[in-house]
Amino acid sequence: MKKEQLIEESKIARKNAYVPYSHFQVGAALLTTEGEVYHGCNIENAGYSMTNCAERTAFFKAVSEGKKSFAALSVVADTKGPVSPCGACRQVMAEFCSPDMPVYLTNLHGDVQETTVAELLPGAFSPEDLHHAGE
Ligand SMILES: O=c1ccn([C@H]2C[C@H](O)[C@@H](CO)O2)c(=O)[nH]1
Ligand SMILES: [Zn+2]
């Protein structure tokens, strides 16, 4: 799937954002290596801290359906420049994606920042670190 197509998918996902508190809609589209796309939107809660970001919604939907191999991620919001994923989402990306997996950070003005999981979270604590504990 083309980058432009995945970005369009993230814009569609954004429309379902449940954001009565921030009114800040975010959409994510996560492409599996099998070619399927999982949509994610941010989902807020009156207990603010229970909010789930668009990116993590997409990952958790995919993983809960048995998908753990990903090829690309697009994230979009109505920001001045390309939207910047929060730390929690960067950690979840590092858990499930290869360091060089492309991530497209975009906005509604057509700005696209093409980055990678490793660039978003250099030196991430990873599953490998746990596996080698005590060596
Ligand atoms: O990359 C981001 C940044 C923020 N949010 C959400 C969380 C909250 O609902 C709102 C404001 O932080 O935006 C995301 O979903 N993804
Ligand atoms: Zn986040």
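**Notes on a predicted model**

1. His23 lies in the loop between H1 and E1, where helices (H or I, at least four residues) and strands (E, at least two) are DSSP runs numbered from the N terminus. The phi of His23 is positive, at about 55 degrees, although His23 is not a glycine. Most residues other than glycine have a negative phi. His23 counts as exposed because it has 9 other C-beta atoms within 10 Å; with C-beta atoms placed from the backbone, a residue is buried if 20 or more other C-beta atoms lie within 10 Å of its own, exposed if 12 or fewer, and partly exposed in between.

2. The model is predicted, so local features need pLDDT of at least 70 and side-chain atom pairs count only at pLDDT 80 or more, while totals for chains, interfaces and linings use all residues. Residues are numbered from 1 along each chain as its sequence is written, and chains are lettered from A and ligands numbered from 1 in the order in which they are written.

3. An unreviewed UniProt entry places the feature "domain: CMP/dCMP-type deaminase" at residues 1-128; UniProt positions are given in the numbering used here, feature names are shortened, and annotations may be inferred rather than shown by experiment. Over residues 1-128 the chain is 30% helix and 24% strand, with its end C-alpha atoms 30 Å apart.

4. Which residues does the unreviewed UniProt entry give as "binding site"? The record lists Asn42, Ile43, Glu44, Asn45, Ala46, Gly47 and Tyr48. Of these, Ile43 is found in the loop between strand E2 (37-41) and helix H2 (54-64), and Gly47 also has its place in the loop between E2 and H2. Ile43 is partly exposed because 16 C-beta neighbours lie inside 10 Å, whereas Gly47, with 7 C-beta neighbours inside 10 Å, is exposed. If neighbours within four places in sequence are left aside, Ile43 is in contact (C-beta atoms, placed from the backbone, within 7 Å) with Tyr18, Thr51, Asn52 and Thr57.

5. Around ligand 1 there are 15 residues, and Ser22, Val26, Asn42, Cys53 and Ala54 come nearest; a residue is near a molecule if its C-beta atom, placed from the backbone, lies within 6 Å of it. By class this shell has 10 nonpolar, three polar and two charged residues, where Ala, Val, Leu, Ile, Met, Phe, Trp, Tyr, Cys and Pro count as nonpolar, Asp, Glu, Lys and Arg as charged, and the others, Gly among them, as polar.

6. Val75 lies in strand E3 and is buried because it has 29 C-beta neighbours inside 10 Å. Not counting residues up to four places away in sequence, Val75 touches several residues, including Val26, Ala28, Ala54 and Leu105. The C-alpha atoms of Val75 and Glu44 are 17 Å apart, although the two residues are 31 places apart along the chain.

7. In H2 the buried residues are Ala54, Glu55, Arg56, Thr57, Ala58, Phe59 and Ala62, and they pack against H1, E1, E2, E3 and H3. H2 is followed by Gly66, which has a positive phi near 90 degrees. In H3 the buried residues are Cys89, Val92, Met93 and Ala94, which pack against H2, E3 and H4.

8. E4 and strand E5 (residues 112-116) pair in the antiparallel sense over five bridges, where pairing requires that DSSP finds at least two bridges between two strands. The bridge partner of Val103 is Thr115, in E5. E4 and E5 form a hairpin with four residues between them, and Gly110 in the turn has a positive phi of about 95 degrees.

9. Ala118, found in helix H4, is partly exposed because 17 other C-beta atoms lie within 10 Å. Ala118 and Pro102 are 16 residues apart in sequence and 9.5 Å apart in space, C-alpha to C-alpha. Leaving aside neighbours within four places in sequence, Ala118 is in contact with Pro99 and Asp100.

Terms used:
Two residues are in contact if their C-beta atoms, placed from the backbone, lie within 7 Å.
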